[in-house]
Amino acid sequence: MTVSLYMFSVKYVPPIESSIRGGDPDDRKQPFGPLDGANSLNVGSCYEAVGFDPYALTIYEPLKGCHACTAACKVENGVPNGNFRIWVEEGEKEIVPNQMASLKLPRQCNQFRKAPCERVCPVGATYYSEDGVVLIDSKRCIGCSFCVAACPYDARFINPKTHSAEKCTFCYHRLEVGLLPACVSTCVGNARIFGDLNDPTSEVSKVLSEFSTDVLKPEMGTGPHVYYIGLDNTLSVTDYNKLSKKKG
Amino acid sequence: MDYVNGMAQLAHSIPFGILVVLDFFLVATSVGLVLISALSLSLGGEKVKGLTKPAAYLALATVIAGPIALLADLGHPLRFLNLFLHFNVRSAMSWGSYILVFYTLAVLIYAWMLTKNPVKAKRWGVISAIFGVALGTYTGMLLVEANSRFLWNSALIPVLFILSGWLSAWALLAVYSHWFAVATRLKGLSLERVFRPTLLSLLIVEIVFVIAQLLVLATNGAQGAAMLGDLFGMHQFTFLWLQLIIGMILPTVMLMVSTKPNTVAFSGVLSLVGVFFLRYNLVTAGQEMPLTGRVFGYAEQEPLMWGAFVLALGVVVLLTIIVPKFMESLAQRISA
């Protein structure tokens with residue numbers, strides 16, 4: 001495989017039907033049209049990231065909370081109970097009075113170009129693969145948790161079984177044999193696009209050249225490889241006025 | 001997943017626990033003790049001359065106990081050698097591992113030289129003090145390097161760590177000179193003349209720093225307000241009561257109104273409590289502020305961790321009593 005740089009993105013596919021509670025379907029906005037080759041990786045359509053247009057957000061309410069990516073990741077990578085390499089935050093947002101939009105934000109390691117975890121690791125157990133994926137050498141990791149503290153996305157944890165740090169690796173073991181990451185393969189809505197950014201003909205390159213994208217916490221200057229189309233700050237930005245304690 | 005304000009959110013456990021806090025506390029106290037020892041040897045008058053040796057011995061004892069707590073906190077304690085086999089020039093912890101080793105060796109030689117040749121010991125005192133300042137700064141820089149945690153990413157942190165280490169060192173000496181003077185060779189030191197003014201001035205400076213930190217948080221918008229809410233809310237017992245009232249304000253008032261040796265020694269105990277919980281609150285509250293979602297981070301309650309904490313504290317007390325005696329008896333045997 002000659003992939004030099006991986007890119008992971010969330011794609012918008014235009015609405016099939018409106019499910020806005022109390023909304024007029026004719027008022028729906030469609031900021032852009034269907035993507036060329038949108039179904040080349042998976043069949044179906046889903047919008048997993050939070051939306052650029054609140055009217056588009058609720059369209060896929062029937063698909064809300066499938067969490068297939070989370071489940072596939074756990075099975076593929078043997079992630080222990082209580083820990084996640086990928087998870088999907090969910091919420092609601094009032095668009096106009098009495099009209100609620102469903103929001104979803106997939107979270108995971110954002111595979112930085114300048115990863116803080118790689119910088120702070122005292123033994124060099126976190127490293128870049130030749131093609132730019134941030135990986136962990138679990139045999140070298142001493143389990144000091146410094147990388148967990150330094151990760152701006154809460155994307156790392158200490159595996160209670162192996163006592164080493166763990167996070168999303170874009171399923172590197174699958175990439176090495178030419179397969180897509182488990183979350184991409186399993187996404188029933190085809191919301192995740194994965195590919196080679198250096199290849200202008202790849203779907204991910206086309207999507208990124210065609211649509212405006214956002215990254216999480218751009219102010220950190222870390223250069224994430226995970227891009228979002230239509231990011232809404234209701235979930236992506238922490239509202240410090242509404243913090244709560246863990247239940248239980 | 002937790003549901004917060006109608007949103008499904010994931011709560012994350014905090015990575016640095018009580019054992020890391022104990023390590024920071026002991027290492028900073030050791031640095032303070034070395035600075036006291038080296039300064040009393042080089043610049044001190046008659047009043048503080050008796051501090052030189054005991055402070056060096058206690059510095060050795062505390063710096064041995066600190067990394068024991070840290071090792072117990074590692075996921076793979078037996079892989080600690082990787083810290084020295086694989087150096088990452090950009091990692092504060094990588095630098096800190098080497099600084100800690102060189103510091104411990106320098107203090108060991110310094111304590112040894114004090115029993116043999118006090119003139120030559122001065123040189124090692126300076127070397128130990130230099131490594132000590134580097135070590136004290138490193139523990140602060142370790143937190144600063146995790147720059148997404150806004151409570152930690154401040155120039156105040158390394159300064160506060162060194163200052164509070166200096167205070168806990170004086171407090172430890174005050175406690176030991178009153179109750180364990182024979183075992184720790186701290187005989188003949190005036191609690192009223194030596195320890196009372198020093199502890200009082202350091203406590204006042206620490207209070208000023210903490211007030212400055214709270215004022216900065218108060219002006220830091222929603223994030224600062226949330227942090228203050230955490231400190232005075234979830235951390236009310238450890239921050240408001242143990243750190244501020246019992247650990248800072250009460251000993252300050254006690255030292256102001258009384259000069260009795262018992263009062264000074266007890267103020268030392270309270271100051272140690274205050275310094276420990278200053279670190280505890282900085283380390284844990286800094287991690288509890290969520291980086292994603294809206295749920296505060298939480299600490300795992302593992303019985304083994306608390307067992308290791310109590311064990312490490314026991315090792316500290318044991319070493320502080322054994323090390324002075326061991327060093328002096330060893331010196332006597334060799335010279336005999």
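In which loop of chain A does A:His163 lie? A:His163 sits in the loop between S6 and strand S7 (165-166) of chain A, where helices (H or I, at least four residues) and strands (E, at least two) are DSSP runs numbered from the N terminus. Phi of this residue is near 60°, a positive value in a residue other than glycine. With 16 C-beta neighbours inside 10 Å, A:His163 counts as partly exposed; a residue is buried if 20 or more other C-beta atoms lie within 10 Å of its own, exposed if 12 or fewer, and partly exposed in between, with C-beta atoms placed from the backbone.

Before we go further, a word on the model. It is a predicted one, in which local features need pLDDT of at least 70 and side-chain atom pairs count only at pLDDT 80 or more, while totals for chains, interfaces and linings use all residues. Residues are numbered from 1 along each chain as its sequence is written, and chains are lettered from A and ligands numbered from 1 in the order in which they are written.

Most residues other than glycine have a negative phi. A:Asp154 is found in the loop between H4 and strand S6 (157-158) of chain A. A:Asp154 is buried, because 21 other C-beta atoms lie within 10 Å.

Now step back to chain A as a whole. Chain A has 8 helices and 9 strands, and 48% of its 248 residues count as buried. Two residues are in contact if their C-beta atoms, placed from the backbone, lie within 7 Å. Of the contacts in chain A with a separation of 6 or more, 65% are between residues 24 or more positions apart.

Strands S2(A) and S3 (residues 99-108) run antiparallel and are joined by 10 bridges; two strands pair if DSSP finds at least two bridges between them. Across this pairing, A:Glu90 stands opposite A:Lys104, and A:Gly91 stands opposite A:Leu103. The hairpin has 2 residues between the strands, and A:Asn98 takes a positive phi near 70° there. S3(A) is largely enclosed by the rest of the structure, because 9 of its 10 residues are buried.

Just after H2(A), A:Gly78 takes a positive phi of about 60°.

Let us turn to chain B. Chain B has 12 helices and 2 strands, and along the sequence its pattern is β-β-α-α-α-α-α-α-α-α-α-α-α-α. Its radius of gyration is 20 Å, close to the 20 Å that the globule rule gives for 336 residues, so chain B is as compact as a globular protein of that length. The radius is taken over C-alpha atoms, and the rule is 2.2 Å times the number of residues to the power 0.38. Buried residues make up 52% of the 336 residues in chain B. Among its contacts between residues at least 6 apart in sequence, 78% join residues at least 24 apart.

What about the nonpolar cores? Such a core is a set of buried Ala, Val, Leu, Ile, Met, Phe, Trp, Tyr and Cys residues joined through C-beta atoms within 7 Å. Of the 157 residues in the largest one, B:Ala56, B:Val107, B:Trp170 and B:Leu173 touch the most other members. Helix H1 (residues 18-42) of chain B gives the most to this core, with 17 residues.

Finally, the two chains meet. Here 40 residues of chain A are in contact with 44 residues of chain B. S2(A) gives the most to the side of chain A that touches chain B, with 5 residues. From the other chain, B:Arg149 touches A:Ala149, B:Gly286, B:Gln287 and B:Met289, not counting residues up to four places away in sequence. B:Arg149 lies in the loop between helix H5 (118-145) and helix H6 (156-179) of chain B, and it is buried, with 20 other C-beta atoms within 10 Å.
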